[in-house]
Structures are given as C-alpha cells and as structure tokens.
Protein chains: 2
Amino acid sequence: MRRFPFHLRCSSCSNVYDANQLINLCPKCGGPLLAEYDLSPAPELRSAIRSRAPQMWRYAEILPADEDIVTLGEGNTPLLPSKDHPDLWIKDESKNPTRSFKSRGMAVAVTMARHLGAKSLAAPTAGNAGAALAAYGARAGLPVFVAMPRDTPQSIIEECRGYGAQVELVAGVITDAAKRVQQYIAANGGFDLSTLKEPYRVEGKKIMAYELLEDLDRLPDVILYPAGGGTGLIGMWKAFDEMQRLGWIGDERPRMFAIQSDGCAPIVRAFDQGLDNAPEWESPRTAAWGLRVPRAIGDRLMLRALRQSHGGAVAVEESQIEPAAQKFRMQEGIDVGPEGGAALLAFRRLMEKGSIRRGDMVVVFNTGGNKY
Amino acid sequence: MRRFPFHLRCSSCSNVYDANQLINLCPKCGGPLLAEYDLSPAPELRSAIRSRAPQMWRYAEILPADEDIVTLGEGNTPLLPSKDHPDLWIKDESKNPTRSFKSRGMAVAVTMARHLGAKSLAAPTAGNAGAALAAYGARAGLPVFVAMPRDTPQSIIEECRGYGAQVELVAGVITDAAKRVQQYIAANGGFDLSTLKEPYRVEGKKIMAYELLEDLDRLPDVILYPAGGGTGLIGMWKAFDEMQRLGWIGDERPRMFAIQSDGCAPIVRAFDQGLDNAPEWESPRTAAWGLRVPRAIGDRLMLRALRQSHGGAVAVEESQIEPAAQKFRMQEGIDVGPEGGAALLAFRRLMEKGSIRRGDMVVVFNTGGNKY
C-alpha cells in the first residue's frame, strides 16, 4: 500500500502548510504544527500491518516517511499485565532504544530532518529526549547539540556523550536549557527538535496508541500518562482520530489522565482551574526529571485531550513517587522509572477516589527505565 | 498447535531423564542436561508463529512451557544493519528486559523452576545474568540470591538490589561466586540456576537463532558471538538442528565464532590447541565482564559447535575492546556493551585475515547494553 498524503496544519490558527520543507512552529502565529493525513477507511491496512516485522515503522502508511529511515528498532514495546490488579496493564516503554518512549519521536523527527536537508540537530532536554536525540543523530550521521539541567543524572549525561553528542549543562530546568539551545542555534545553526517545535516527534509517539489497539484488540477504558511536555498524550489523542477515519474504531475513546508530581504540576493546576492553557509553574521540584517541565508548549492540546476524553489530571505526592516505583520494581520485575512510578501511584489514588472502578481496563505508561 | 513432547538428555553420557522434575546436572555423570524434543516436519508451524504477538514465547511449541509463563516481554530484539559494512548486521540483545540476552534464558528457567516447585532461586553471575535473575525472580514472586565479583559495575549491583535480590559480593571472579552460591544453597536451600547447571536457560537463548531465521528468511553465513559461558552459542547450535528436523532449513549452518578477550580466552586457547575441553584460564582479566569466565561448564559443547560449523574462536586485544565499542556507539547509535564491542572488533580482525569475505552475510551479537 502507499502512504497517505499529508500536509501540516497549525494546531492554533489552522493555517495549512506544505510538508515538503524543514519547518518549526507556525510562521503565522507560532503555534505547533501537526501532520494531517488524507485518510479514508482502510480496514485491510490493519491486517497488512499486523503481518509485517514487529517494529514502529510497520505503520509506514500513516507515518511521514517510508524510506531512508533512521531506526534503532524502536517500538513494539511489551504490554505487561500487572500481578496485583487484574485490569491493570503496563505499557513498558523502557524497552525502547535509549530506554524511553523518546526514541519513537526522535526516530521520526531525525528521519524527516535529514530527509528535508538538516545538517545538524539541537534540542533542550530533561534527560531522556537528549539521550534519544544523541543516539538517533549518531545513527543518522548528523552532529547533535543538547542542553540539559546541571542536575540531570550523571548516567544520562554520559549516555548522551557516549553517542558523540555535544552536551551543555545549564543552571535551572528544561526551559532554561531551551534558551541556551536558541542561543546556540542563532550562533551555530542547526535544526531545532524541541518538543512540538517541529511536527514529527509527535508522529512517532502516536504509534503507542496504535500498538495498544493491536495488543488489546480494543482500546483500554483508561490511560494514565506521566506528562512533562505531554507529547505522548497529544500524539495518542491524535492517533485515535486517525484510527476512526481509517475505520478501525468507532467514536469510543479511553479516558486520558495526565500524571504529574505535586512539585511541578502546571497541567493539573490548569485543569483544576478550568484554564485552557497552563501558566508556568514556579520553582519546579521533582526527582521525576521527565516531569520537571514547568511550562509546556503543548499545554492547550493536552488540556483539550484530557477534557474531551472525560479524563483528568492528577498530581501525586513527590515524596511517594520513588517508593512507589521501588515497590513496583520489586513486586513486578519491571524497569520502572520515576515517571512510571508517578503514574502507578496515581493509579492507586484514582482507585481510592473511585475515578477508576473495578472492571475498567487501565493502561499505565512506564515512559522510561530507571537510570541510576 | 500443541507443544512437542520432550525429555532431558545428558550432553555428556547421553542418559535420558524425565523432564517433569526439578533437576540440575546429570545425576549419573555430572554433565549438562539438554531438552530434546520429539520433533517432526512442521512447515505450517513457522507461519503460525509468524502471525503471533512478537515476543519470545510465540515459539511456544518448541519451548518447555506455554502456561504460567514468567515474562517481561523478552525477545524479538532488533536486527540492525550496520552503516559501515553492507553485509554486517547487529542483533541487538540490549533491547531485552534488564538490557541483555540473559533475560531470555532466565524467563524460561524461572518459569520452569517455579512450575516444578522451586521456592527460591540462586546463581553466580558476572553481572547481567544476576540482573536478569533478579527481575524474573521478582516477576515470579520468588526470592533470589546472587553472588558476583566485588568489582562488578556498581550500576549492576544496584540493579539487582532494585529488584529485591539478595546480593553478595565476593573476591575473585564468577567461579569464586559459584563456590559461594554452593555454600549458600547448602545452608539455606534454593534452586541453582547457574549456566548449564539446569536445562532451561539454554532453551530461552536458542530462540535467538529462530529469530535470525525469521528476520533474514535464511541463516547468515557467519555468526560472531562474544562467549563467556557460551550458552547463547550452544543454544543457537541446538536450534539449527531443531529447525532442520522441523523442515524449516536444510543442512546448511552458519560458521560460528566465539569471541573472547585476550585477557581471558580459555575457549580460544583450547580451540587453537585442538582440545575438546577448555582448561581454566589463570588470572582472568577483562573489563568486558561478561567475558570474564575462566572456566565454562559448556566448554565441550561450545568447542564442538565451533568445529562442526567450520567456524573458530578469536581473542581480541583487551585494550582495544572499549575503544571499538565507543566508536560503534558514536557511529551507529547502538547501545553497544563491552562484549558487543569485542565481537565488532573481531569482525574487523576476521575481515583483515580473510576469514570473512565480502559478500558473507555476518551477524554480530551485541549481547548486552553499555551499563556504566
């Protein structure tokens, strides 16, 4: 089958752009651009995909590229049943290259950036996105610059350098690293792969939703997603619409919950206050470094998805995150990182509150491994 | 389809045992026991397997169990083309749970041990096998004891403890850790899961060969395998015979090469001297800790496979292993551990010597990730 043609549409002002260009945010309004495919019902495509080699790029028709692909074997991560709760499943994204879901987005974004002529790549990171960019940049043969908070775990800093990336440590958090990346690009050039500042990382991440449908042969009732920048959640929400247009599902949707730490919970606060954007969180503090994102460029998209899905946003106690992750590693043998620990803790809280009921099929995302 | 029935056969004295018992070495002669299946041609099984969810246990008919499985989503690791050599492929076992091929063996061995009544588990390790046993033991709900050299990388020690295993550090190398495990079991009980001292770790590892056939739709001409205990190599060699009896391949075989460091190369020395067993290597010294195995219980099986396959054994320069791994991480973006680095270095050496020729399809195993 052939790929569905696509263009880019601004998620803010709805302006449309040709996809055949190296582009960041909407030139008109500065909003994030998303890929929009000319989809039509294609039930046969689903079984064709099922018959292919098990990795993310088996979904070629609904991805922006199918040749000269930069891949390290990302995707098709296991969906593991929990031993403790009969209806709880863990989508274990730590089984990706560089041990997090970030690999999916970088595989697609680096493929497209190289395809469209980028000569070097740069991004700020809370940690795991940098590791993924470093690895995929190396695979693509393109130089990489990443800036990250000075207190990012040493193992991640070394991981990035191990793949040959130029790493700069900055005081502060990811938003400070983002400023440094802007300076660097202004002085040295390079294509900016910041979350949602280019259209294709979200395309890789959306495949998580397609895999859920493939694994369960239905959609779960509830998804708990630890959200920093929130692109995984945004990508999956986009994917459900695509699936419906492909005729693979009806109008059912999982209830989507964004999980944050109470030490940095801008999305939860905005959700609770009924805002459609999420003002910056002051003094963000969490050891779940992937959640230490005080301001997310995808805030509107994320809040819209949470509300439309009849889901919600939960801030868990910072002090309980690591104990929850530890308990889960010991009980289930899964490489649960702090972000996954937060989501598993939120599962308990939502059960206690009655927001999740017995019989609800729940998928919790372990977005990355436990990197000491 | 139903699983093929199987029994256990001693690889040394050929005595046969019922599989329905918790058993270690051959009670008669002390040799390693292997599972022997009553196979018959089954071409349709190959396509049936292909249609199943992509993980190791899709090969249920030729594994010793198909229910109450202890799994973390192991197997179906990517086979990645190298950018540098058109005929070089890397089977990236770092994409397994706990980041090494050891997961495959422990998944099957822990499944069978629990199935047959074991109440606790123990093994010595050079590092990665301990991490795998700790995770699968946690998943199975069984307590785990592991002993390992005192200078094992700290990240691995913490990884094992993170899954709740009792870890004891010993002076010396894995053979010293093995003595400590014997003492521990004598005093406290527990089932011994040392390499080849029970029949089922090799069953998990053999699936690597089945996956190669599935990925390439043929067997490669050459396999380079970094060998400590060598069970991966022994398992794959066993699998080729099974495939032939299933009617999936003919009598073709890849040339198998065991790769070691010149700081600990008992198999290479024995191979070169024409011995059929490998005497202990004195003062083993290598930072490729998975290769720091001075005496392998599977030495005879390994040497037999290398010779029957018209392959060989290569010792690479210890000082060049880490630079080779580093270069490969930077050039290819793959999470190459020291053992994989040794094998990639051996690839170059064998090309230079003419033992591998242009046009030979070569698979190098990256048996585990780079754990700092």
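**Charges, fold and pairing**

Modeller: Let me start with charge: chain A carries 45 positive and 44 negative side chains, and the centres of these two sets are 2 Å apart. Keep in mind that this is a predicted model.

Biologist: Noted, thanks. How many helices and strands does chain A have?
Modeller: There are 11 helices and 13 strands in chain A. Its radius of gyration is 19 Å, close to the 21 Å that the globule rule gives for 372 residues, so chain A is as compact as a globular protein of that length.

Biologist: And what does the C-alpha trace span along the principal axes?
Modeller: For chain A that comes to about 50 × 50 × 40 Å.

Biologist: What share of its residues count as buried?
Modeller: In chain A, 65% of the 372 residues do. The accessible surface of the chain is about 12,900 Å², and carbon and sulfur atoms account for 48% of that.

Biologist: Now contacts. Of those between residues at least 6 apart in sequence, what percentage join residues at least 24 apart?
Modeller: That figure is 70% for chain A.

Biologist: Switching to the two chains: what rotation superposes chain B on chain A?
Modeller: A 180° rotation does it, with 0.0 Å of shift along the axis and an RMSD of 0.0 Å. The two copies are thus related as by a two-fold rotation axis.

Biologist: Nice. Why do you say the copies meet through the same surface?
Modeller: Because 100% of the interface residues of chain B are interface residues in chain A too.

Definitions and conventions. Residues numbered from 1 in each chain as written. Chains lettered and ligands numbered in written order. Predicted model: local features only at pLDDT ≥ 70, side-chain atom pairs only at ≥ 80, totals over all residues. Heavy atoms only, no water. Helix = DSSP H or I, 4+ residues; strand = E, 2+ residues; numbered from the N terminus. Rg over C-alpha atoms; globule rule 2.2 N^0.38 Å. Buried < 20%, exposed > 50% of the residue type's maximum accessible area, 1.4 Å probe, protein only. Contact = heavy atoms within 4.5 Å. Areas by Shrake-Rupley, 256 points an atom, 1.4 Å probe, with all protein chains shown as cover. Lys, Arg positive; Asp, Glu negative; His and termini not counted. Charge placed at Lys NZ, Arg CZ, Asp CG, Glu CD. Least-squares fit on C-alpha atoms with pLDDT ≥ 70 in both.
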